[in-house]
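Here is a short briefing on the aromatic rings of one protein. Have the structure open as you read.

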Amino acid sequence: MLTVVAAFSNVGEEQQKAAEEARENLKRLEVGLEGKRFFGGDNIGFADIAIGWLPYWIGIAEEVVAINLIDAESIPKLYSWFHAFIDIPIIKELMPPQHKLLHHTKAFLQA
């Protein structure tokens, strides 16, 4: 996930190159979703829990630096998985509010 961090910490051409590498790496995750709703199959499993934070934080970072890494066109299975995952009631309940994370991230970057 170093390429994801690089996509948000670099600027200009370096940022674009890192973003493309990050997208390619994220596409590799889709292999685990072939024919399944979740990495665990019809129900969430360990892998879903282990990486469930990733698209959530990427969404925050995308908004802060105005770069797109996960969308329905370039990474459709991962995009669908993420929305199915965060729509699970217990996940919704346990995830921190996005507006608070967005505020925290912007403050961190300004410091």
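Is F85 buried or exposed? With a relative accessibility of 2%, F85 counts as buried, because the cut-off for buried is under 20%. Please keep in mind that this is a predicted model. Searching the whole structure turns up two aromatic pairs, and ring pairs join F39, W81 and F85 into a cluster.

**The edge-to-face pair**
- F39 pairs with W81 in an edge-to-face arrangement, at 5.3 Å from centre to centre and with 70° between the planes.
- F39 sits in the loop between α2 (12-29) and α3 (46-51), while W81 belongs to helix α5 (residues 76-86), so this pair ties together parts that are 42 residues apart in sequence.

**The stacked pair**
- The ring centres of W81 and F85 are 5.4 Å apart and their planes meet at 25°, so this pair is stacked; the cut-off for stacking is under 30 degrees.
- Helix α5 holds both W81 and F85, which are four residues apart, or about one turn of the helix.

- F39 has a relative accessible area of 14%, so it is buried.
- W81 also counts as buried, because its relative accessibility is 1%.

**Putting it together**
- W81 takes part in the edge-to-face pair with F39 and in the stacked pair with F85.

Technical notes:
Residues are numbered from 1 along each chain as its sequence is written. This is a predicted model: local features need pLDDT of at least 70, side-chain atom pairs count only at pLDDT 80 or more; totals for chains, interfaces and linings use all residues. Side-chain values use heavy atoms; hydrogens and water are left out. Rings of Phe, Tyr and Trp (its six-membered ring) pair if their centres lie within 6.5 Å; planes under 30 degrees apart count as stacked, over 60 as edge-to-face and the rest as tilted. Helices (H or I, at least four residues) and strands (E, at least two) are DSSP runs, numbered from the N terminus. Buried means under 20% relative accessible area, exposed over 50%, partly exposed in between (1.4 Å probe, protein chains only).
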